[in-house]
Amino acid sequence: MAPRAAGSALGALLGLALLALLPPRTAARAGDAGEAARGAYLARLADCGGCHTPPGGAPLSGGRRIPTPFGTVTAPNLTPDPETGLGRWSWQDFDAALRFGRRPDGLPLYPVHPYPYFARLDETASRELWAYLRTVPPAVQPVRGAALRFPFDLRLLVAFWNVLYFRPDPFRPDPAHDAVWNRGAFLVEGPGHCGACHTPKTALGGDRPPFLGGGEVEGWTAPPLDGDPATGLGGWRVEDIEAFLATGTDGRHLASGPMAEVVMQATSRFRPEDRHAIAVYLKSLPPSSPHPLTPPPPPPASGAALYALRCAPCHGEGGEGVPNLFPALRGNAAVAGAPASLLRILLFGARAAATPARPTGPAMPPVGAALPDEEVAAIASYVRARFGGAGPVSGEDVASLRVRGP
Amino acid sequence: MVRLKPVDAVIVGFGWAGALLALELSAAGISVLALERGPFRDTVDFPPTSAPDELRYAVRHDLVVPPARQTITFRNRPDQLALPVRRWGSFLPAWGAGGGGVHWNGQVWRFRPSDFVLASRVAVRYGRRFLAPDLTLADFGVTYEELEPYYDRFESLAGVSGQAGNIAGRIIPGGNPFEGPRARDYPNPPLLMPYGPSLFAEAARALGYHPFPQPAANLSRPYTNPLGVTLGPCTYCGFCERFGCANAAKASPQTTVLPVLRERRNFWLRTDVTVLEVVYDRTARRVAGVVYVDDKGERSFQPADLVILAAYTFENVRLLLLSGIGTPYDPESGRGVVGRNYTYQTTSSVTVGFADKRLNPFIGAGALGMVVDDWNGDHYDHGPLGFLGGAYLAALATNGRPILNHPTPPGTPRWGAEWKRAVARSYLRTFRLIASGSSLPHRAAYLDLDPTYRDAWGRPLLRMTFDFHPFDLRMSEFVTAKLAEIARAMAPAWLTVSPRRGPYSIVPYQSTHNVGGAVMGADPATSVVNPYLQCWDVPNLFVVGGSAFPHNPAYNPTGTIAALALRTGEAIRTRYLARPGPLV
Amino acid sequence: MSSAGPTRRSLLAASALASLFGCASPPPSPWRSLTPDEAALLAALADRLIPPDPEFPGAGEAGAAAFIDGALASPWGVSADDYRAPPFAPGLPGQGWQSPFTPREIYREGLARLTRHCRLAYAGRRFEELPPALQDEVLGRLERGAPPFGPFERLFFERLREDVITSYFADPLYGGNRGMAGWRLIGFPGARYDYRAWVARHGEAVDVPYAALPSPREV
C-alpha cells in the first residue's frame with residue numbers, strides 16, 4: 001500500500017473511532033428544528049409527562065411510580081442521559097419500545113406503557129417524538145425495576161398477553177368520515193390513549209368491548225365516552241367537550257382526580273382544532289349499553305333531608321350546581337355511572353382542574369369524613385337515584401372505601 | 001440566623017392589602033414573597049358540616065389571633081397606666097392567609113369625596129376656630145377622583161352586590177344619593193332584602209330619608225371576576241362575620257385572587273412565620289429586608305429590594321417603631337409622626353322589639369341590609385351642632401345567632417323562668433339597628449411602644465392610648481337620636497336607645513376598624529407615608545392598610561384600603577420599578 | 001382546699017375497701033374536668049338559671065354540666081389563648097379582664113364556696129337539696145355579691161350565667177342544648193346553610209327541620 005493511502009485509511013479508522021467516542025449527536029441539521037417541534041406537540045398529545053415526569057422533578061426524567069392492579073411500575077427516564085436515560089438508544093430501539101412494546105434487550109415492556117395505542121402512530125410520528133426527546137435536557141435519574149406481583153412480573157407472560165390484546169396496526173383513516181372526524185379518531189385511538197382509562201378491562205388488564213365504555217383508574221371512575229345519555233357523553237354538545245378539555249369545565253362538570261391532571265398537563269395545551277376533532281369523534285360514538293328499561297329506584301327519604309341540609313347549599317335544591325364552580329349533579333356521569341368517584345369525592349374531597357382560562361380550581365371538602373357510613377350511603381344513594389336514575393350504595397361500600405383510604 | 005436567597009419584593013402580611021399588592025407586583029414579573037404569621041387557609045376549610053358553628057368561630061374566635069400570640073396594651077389617656085388586652089373584646093384582629101378578608105362581613109364602601117379633604121373643607125366652611133384645639137384632622141393627600149378607578153377595580157374583583165346612586169353625576173333612585181360619582185354600576189345586583197331591613201327602609205322613606213341596599217361582597221349571584229376566578233351565590237346562611245364562607249360566596253383573597261397567584265412562578269407564600277423587624281440602614285435610608293421567626297424558633301433574614309408592610313394597623317406601626325424607622329410621635333410636643341392620628345369607629349345602636357312581626361334574624365349575610373346615609377359626611381350644616389363627621393344608619397340582617405344574640409325587652413330579669421319566657425318570645429321578633437360613626441384624630445390618641453409588657457419574643461407590645469373625642473360623643477348622641485326616630489316610625493312594641501358613651505372601653509365588641517398610626521398625607525411633617533403609601537424617609541418601604549388613614553370616616557375601611565393598595569401596586573409596577581426612588 | 005377533697009377521699013376509701021374484699025373498683029368518671037359532685041351542683045344551678053317547663057327542659061337537663069366540663073377540659077379552661085404575662089394590676093373597668101384566674105380555677109373555687117355556704121347556712125344541705133325558691137335566693141345573692149358573698153362570687157356568677165346560656169344555645173356537639181332544646185325554644189333552625197327560598201317570605205314561619213352539626217364520628 002502506498003504510504004498516503006495507508007495514512008488515509010488509518011485516518012479514516014481513527015476518525016470513525018473518534019466518532020464512536022463522541023456523545024450522541026443532538027439535532028443540528030436545518031430541518032430538525034421542525035421535526036423536534038412536531039415531536040414536542042406529539043408528546044403533549046400523548047401526555048408523556050403524565051407518567052414520565054416526576055412531580056416537581058425534571059421533565060421526562062422518570063422515577064414516577066404508577067400503581068396498577070398488578071403492582072407498581074416505575075416509569076423510565078426518557079431524557080438523553082447516557083447512564084440512566086435513553087442516551088445510548090437509537091431510534092430503532094425507541095420505536096420498538098414506543099409502538100411495539102419491546103426493549104432493546106428483546107424482552108417485552110409491561111403494557112402499562114400504552115403501546116397498544118401508540119401502535120396507531122406511524123414511523124414519521126415516531127421519528128418526530130425521538131427528535132424531540134433528544135432535545136430534552138439530560139437528567140440523571142436512576143430508575144429501579146418494576147415491582148409487579150408474581151406472576152405478573154414474568155415478562156415472558158407479556159408475550160402471551162400480546163397475543164390476546166396487541167394489534168400492531170397503524171391508524172387507517174375511515175373514508176366514510178371527513179378529515180376532522182378522522183383526526184379525532186386518530187388522536188383518541190392513538191396518542192391520546194383515552195381507552196387506557198376509559199375502556200373496560202379484562203382480568204388480565206387488556207381492553208374488552210365496548211370501546212370507551214368506561215373504566216376505573218386509581219379508585220376513580222373513568223366514565224364511558226360513548227353516547228350514553230346518563231353515564232356517557234349523550235347529554236353533552238361538541239362545544240361542551242371542547243370546553244371541558246380546554247379549561248377543565250364545561251360549566252356543569254368539573255375535571256377532578258386523575259383527569260384534572262390530564263386537562264392541566266395535556267388537553268388544555270392541545271391546539272383548539274385538535275380538541276374540536278376529538279369532540280366531533282366522541283360525539284359520533286353511539287351508546288354502547290342499552291339504557292335500562294326498568295324505572296329508576298325511588299330516592300331514599302333519609303337521603304333527601306341530608307341532601308337538603310349538607311349538599312344543597314352548594315349543589316342546589318335541584319342538583320343544578322353553579323356553573324364552573326359546583327358541578328351539576330343532574331346528568332353527571334360521576335353520579336349516574338359507577339359509584340367509585342362519587343364515594344371517593346364524598347369521603348376524601350377533591351380539587352378540580354385549574355387552567356389559565358378557568359383558574360379557580362374549586363375544591364370539594366371531604367364532607368363525608370365527618371358523617372357516619374349510613375349517612376354517606378344515604379346521600380350517595382339519594383343523589384344517584386334522583387339525579388342519575390341509578391341504584392343505591394350501601395354503608396358497607398362506604399366503610400370499606402373509608403378503610404382503604406384515598 | 002439563616003440568610004435566605006434575596007427576592008425582589010417581600011410583603012409582610014397576607015390579608016386583603018398584602019394579597020392585592022402581591023397580585024400587582026407579581027404581574028410585573030419580579031419575584032414576590034409574602035410572609036404571613038398565621039396558618040394557611042382555603043375555602044375547603046369551611047365546609048357546611050363544620051362552618052356553621054357559633055361557639056367555635058363567633059365565641060371562641062377560631063380565626064382571630066390569640067392574645068397569647070399577639071396583643072397590645074391599652075389606656076384611655078396618657079396619664080394612665082396601660083394594661084395588656086388579655087382577652088379580645090372591642091376588636092378582633094385576624095391572622096392566617098386571607099387575614100380579616102376571610103371572616104369579615106363583606107361591607108364594601110367608598111369614602112365620600114369630602115372625606116378625603118375634610119380638614120381643608122372644614123377650615124373653609126366652618127372656620128378654623130370651629131375645630132377643637134386638640135383635633136389633628138388632616139387630609140388624605142389623595143382625592144376621591146384619583147381613587148375612583150381603583151375602587152371600581154376592587155369592586156369588580158370582589159363581585160360587589162349593590163345599587164349605584166350616582167353614575168357619572170346622574171343620581172339613580174334606589175341608590176345612595178350622597179355617594180361620589182362612579183363610572184359604572186356594581187358588578188352584581190343587590191341581595192334580596194329580608195323583613196327587618198325592609199321595615200327599616202319603609203320607615204326611613206316615610207320620614208323623607210333615602211334608604212339604599214348596603215354594598216356587599218356577599219354575592220347575589222354566581223360571578224366570574226376579571227381574573228377568571230368564579231365565586232358562588234350567597235345562601236343567606238347567617239354565619240358570616242367571624243366565619244369563613246362555605247360556598248365561595250364571600251369575597252376574600254382566597255376566592256378572588258389566590259387561584260391566579262398560585263399559578264405564578266414568581267410568587268411564593270410562606271405561612272406560620274412572624275416578622276420580627278425590618279432591617280433598616282439609617283444612613284443609606286434603605287431597608288434591606290426583614291427578619292422572621294418560624295414556629296420552631298428559627299430566625300431567618302430575608303433580603304429584598306422592596307419591603308411592603310401590610311400587616312394590619314397594629315403590626316405596621318409596631319414594626320416601624322421596633323425597626324427605628326421614622327420619627328415616633330410625641331404627644332407632649334406634638335412632633336413626630338409614627339403612631340400619630342390613631343382613630344377607630346364610633347358605633348351605637350337602637351334595638352327594636354315587636355309583638356307581632358316575625359323577623360327571622362337567622363337569615364342573614366354580613367353586609368345584607370338597608371342604609372340611610374343622610375346624617376353622614378358634611379353635606380349638612382354642622383355649624384349649630386358642635387361636632388364634625390356623622391354616621392350611616394343601618395338595619396343589617398347579620399349576627400342573628402343565639403349565643404351572642406338573645407335579646408329581651410328592658411326590665412326583663414337576667415335569668416330564671418321569666419327570662420326564659422322573654423327570650424322565647426323575643427328572639428324572632430327583635431332587631432338591632434346600628435349607627436356606624438366617624439372617628440376624629442386628636443393629640444392624645446396615638447400608638448407607641450409599651451414600656452413594660454412584651455411579646456413571646458421579648459419585643460415591647462404596641463401601646464394604644466385612645467378615647468373618643470368629645471365631638472365624636474356629641475355626634476353619636478345626635479345620630480343615635482336620628483336612628484331612634486326611624487326606629488319609632490317602625491312602630492315597635494319596645495325599643496332601647498344606646499348612644500356611644502365615654503370613656504372608650506376595650507370590653508364590648510364594637511368594630512375591628514383600627515386605623516391610623518402610619519398615616520398618609522401630602523406633608524411629611526404630619527404623615528409617615530406619601531399619597532402612594534411610600535415611606536417619606538425610606539423610598540424602598542411601603543406601608544399599606546388602614547394604618548394610612550389620617551382620620552376615619554363613618555364607612556367601613558376595606559374598600560378604601562383595597563383601592564389604595566391597588567393604586568400603590570400600580571405605581572410601583574409602572575413607575576417605581578423602572579426608577580426606584582421617591583414617587584413624590 | 002379543694003372542694004372535691006372529702007368526696008375523693010371517700011371514693012378512694014371505698015375503692016380501697018372494695019379491692020380489699022376483691023370487688024371491682026367503681027367505673028371511671030365520665031367527667032373530664034369536673035368531679036361528679038361539681039357536675040351535679042352545676043346541673044342544679046343551670047336548672048335555676050334556665051329552669052325546666054312543661055315544654056322545654058332546663059339548661060341543666062339539657063346538658064349544661066357536660067358543656068362546661070368539656071369547656072374546662074379544653075384549652076379555654078386554662079385560658080390558653082389569653083395574654084398571661086405579669087405584672088397583673090386591677091385596671092379600670094374599660095381595660096377589661098386583668099385577672100390571672102382561669103375558668104377552671106374560678107369554677108373550682110366558686111363551686112366550693114357555694115357548697116360550703118349551703119352546708120353552713122342550710123343545716124348541712126347541699127344546693128341541690130334546697131327548694132327552688134331558696135335556690136333562687138342563693139343565686140340572687142351570688143349575683144349581687146351580697147353578704148356573705150363578695151366580688152369573687154359576683155365574678156363566679158357572671159361566668160356561670162354566661163356559660164349556662166352558651167351551653168343552651170351552642171351546637172349539641174359540645175354537650176349542651178340536648179336535642180336542640182334551646183334552639184327549639186327560640187325558633188333558631190340551627191346549623192343550616194341555605195335560606196334562599198325564605199328571604200323574601202317576610203314574616204312567615206320558616207318551616208325547615210332543626211339541624212345540628214355532625215357529632216364526632218366514633219372511629
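In chain B, helix H1(B) meets helix H13(B) through two sets of residues. H1(B) supplies Trp16(B), Ala17(B), Leu20(B), Leu21(B), Glu24(B), Leu25(B) and Ala27(B). H13(B) supplies Thr558(B), Ile561(B), Ala562(B), Ala565(B), Leu566(B), Thr568(B), Gly569(B), Glu570(B), Ile572(B) and Arg573(B). By class, this contact of H1(B) with H13(B) holds 11 nonpolar, three polar and three charged residues. The model described here is predicted.

Two packed helices are described by the angle between their axes and the distance between the axes. H1(B) covers residues 16-27, and H13(B) covers residues 558-576. Their axes lie 9 Å apart and form an angle of about 25 degrees. Angles under 35 degrees count as roughly parallel, so H1(B) is roughly parallel to H13(B). The crossing of H1(B) past H13(B) is right-handed.

Angles of 65 to 115 degrees count as roughly perpendicular. H3(C) contributes Ala64(C), Phe67(C), Ile68(C) and Ala71(C) to the contact. From H6(C) come Asp163(C), Val164(C) and Ser167(C). The residues of this contact of H3(C) with H6(C) divide into five nonpolar, one polar and one charged.

Chain B also holds an open sheet of four strands. The strand order is S5-S4-S20-S19 (chain B), and the pairing is mixed. Strands S5 (83-84) and S19 (446-454) of chain B are the edge strands. Each of these edge strands pairs on one side only. Strand S4(B) spans residues 72-75. S4(B) and S5(B) are antiparallel, and two bridges join them. Thr73(B) stands opposite Pro84(B), which belongs to S5(B).

Chain C touches chain B. The contact involves 47 residues of chain C and 53 residues of chain B. On the chain C side, helix H6 (151-169) and helix H7 (181-186) are the elements that give two or more residues. H6(C) gives the most to this side, with four residues. By class, the side of chain C that touches chain B has 29 nonpolar, nine polar and nine charged residues.

Chain C is also in contact with chain A. Seven residues of chain C and seven residues of chain A take part. The chain C side of this contact has four nonpolar, no polar and three charged residues.

Chain A is divided into domain 1 (32-165), domain 2 (179-283) and domain 3 (301-404). The centres of domain 2 and domain 3 of chain A, taken over C-alpha atoms, are separated by 21 Å. The contact takes 25 residues from domain 2 of chain A and 26 residues from domain 3 of chain A. On the domain 2 side, strand S5 (220-222), helix H10 (238-247) and helix H11 (258-265) of chain A each supply at least two residues. H11(A) gives the most to that side, with three residues. The residues on the side of domain 2 of chain A that touches domain 3 of chain A divide into nine nonpolar, 14 polar and two charged.

Note on methods:
Residues are numbered from 1 along each chain as its sequence is written. Chains are lettered from A and ligands numbered from 1 in the order in which they are written. This is a predicted model: local features need pLDDT of at least 70, side-chain atom pairs count only at pLDDT 80 or more; totals for chains, interfaces and linings use all residues. Two strands pair if DSSP finds at least two bridges between them. Ala, Val, Leu, Ile, Met, Phe, Trp, Tyr, Cys and Pro count as nonpolar, Asp, Glu, Lys and Arg as charged, and the others, Gly among them, as polar. Domain bounds come from an automatic or database domain assignment. Axes are lines fitted to C-alpha atoms, for helices over the stretch in contact, and angles run from 0 to 180 degrees between N-to-C directions. Angles under 35 degrees count as roughly parallel, over 145 as roughly antiparallel, 65 to 115 as roughly perpendicular and the rest as oblique. A crossing is left-handed if the near helix is turned anticlockwise from the far one by less than a right angle, and right-handed if clockwise.
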